[in-house]
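Visitor: Please take a close look at the sheet and at the helices that accompany it.

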Amino acid sequence: MLKNSQKSLLVQVQKNIEQNKLIMPGDFVYVALSGGADSVCLFDILDKLQTKLNFKLAACHFNHRMRGEESERDQKFVQEICQKRGVELKLGSFSGKNALKSELEARNARYAYFEKILTSKRGVKIALAHNANDLSETFLMRLIRGTGLKGMRSIPLQRKNFFRPLLPCTREQILCYLEEEKLPFMNDSSNKNTAYLRNKIRHNLLPRLLEQNPNFYQTMATNIRILSEDFDYIDSVAKKKYKKLVILSKNQVGFKREEWLKLHPALRFEVLRLALAELGVEQDISSLHLGSIYQMIEKGVGKKSLPLPHSLLCSLIRGKIILSKKP
């Protein structure tokens, strides 16, 4: 018999899934099972819900091989959980010549593996175990590093065939659930390393914010939802303006400076972002880069050019803004 807190979390996750249509009858859902607290909690809840919601549950695990014996321990733990429950498990691991050196490299390798799973059969989705704490941490990380309205949306509830059933739930709720269900999980020692910005925020900044507002995570979730709605509206308007302004040619995107200056400042940034997305590099261009492009175009005296990451160049020639990429 589930205790009240366990029932509460189970009901909360089920409600999130049903209201947002995260899982549909007949779906084949893989849980990204790292062995950590969040993913074990998600795995257990989806295991309990699969008959009720009529979907097939499986799991996948990617071994980054970044933490030596600890990485192998986590893989073994995940294998044992799945074997005990009779759940299919797909295992992947990093096998490059050079070891992964950063969290970003690890994330890219992990998602590349997930994408392979998504293309393995029809109706496949991957459930990720991000929670309300992760949502706030990501928001603060991006705010500190510099971001626009799009970046402040933090972590989306769903993107393509990835979805996050635990996003409305706090880590405290998750740990309480695991304790009551007597579910073991693995601790990642790198989560204590405050050399990483996320861990500095988690261990140093967030406790102080929670002192000021004990409901900080819920407040942040509401604010992020409002920001997301604002961005969706601005983005829809910007896309319409972009289509009218843009002049496309091989490896470059252009539009008239005079027409760009007529736009509302919020739309100017989004049009620039859409141009970078057209060239396939939006993700690696920061708000500082966008700000530099914005200022260069706004000043607009004579011929100007600004080098950017990925061999990109923003040029202002004869009243035309040109973003170009070396082939």
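Guide: Six strands form an open sheet in the order E3-E2-E1-E4-E6-E5, with mixed pairing; two strands count as paired if DSSP finds at least two bridges between them, and strands (E, at least two residues) and helices (H or I, at least four) are DSSP runs numbered from the N terminus. This is a predicted model, in which local features need pLDDT of at least 70 and side-chain atom pairs count only at pLDDT 80 or more, while totals for chains, interfaces and linings use all residues. Residues are numbered from 1 along each chain as its sequence is written, and side-chain values use heavy atoms, with hydrogens and water left out.

The edges of the sheet are strand E3 (89-93) and strand E5 (158-159), each of which pairs on one side only. E5 runs antiparallel to strand E6 (residues 162-163), to which two bridges join it. Arg159 stands opposite Phe162 in E6.

Helix H3 packs on the sheet, touching strand E2 (56-63) and E3 (contact means heavy atoms within 4.5 Å). The direction of H3 makes about 165 degrees with that of E2; axes are lines fitted to C-alpha atoms, for helices over the stretch in contact, and angles run from 0 to 180 degrees between N-to-C directions. Helix H4 (residues 103-118) lies across strand E1 (28-32), E2, E3, strand E4 (124-127), E5 and E6, at about 150 degrees to E2.

H3 (residues 69-85) also packs with helix H2 (residues 37-53), at an angle of about 10 degrees and with the axes 13 Å apart. The two helices are therefore roughly parallel (angles under 35 degrees). Val40, Phe43, Asp44 and Asp47 of H2 meet Phe77, Ile81, Cys82 and Arg85 of H3.

Note on methods: Parallel < 35°, antiparallel > 145°, perpendicular 65-115°, else oblique.
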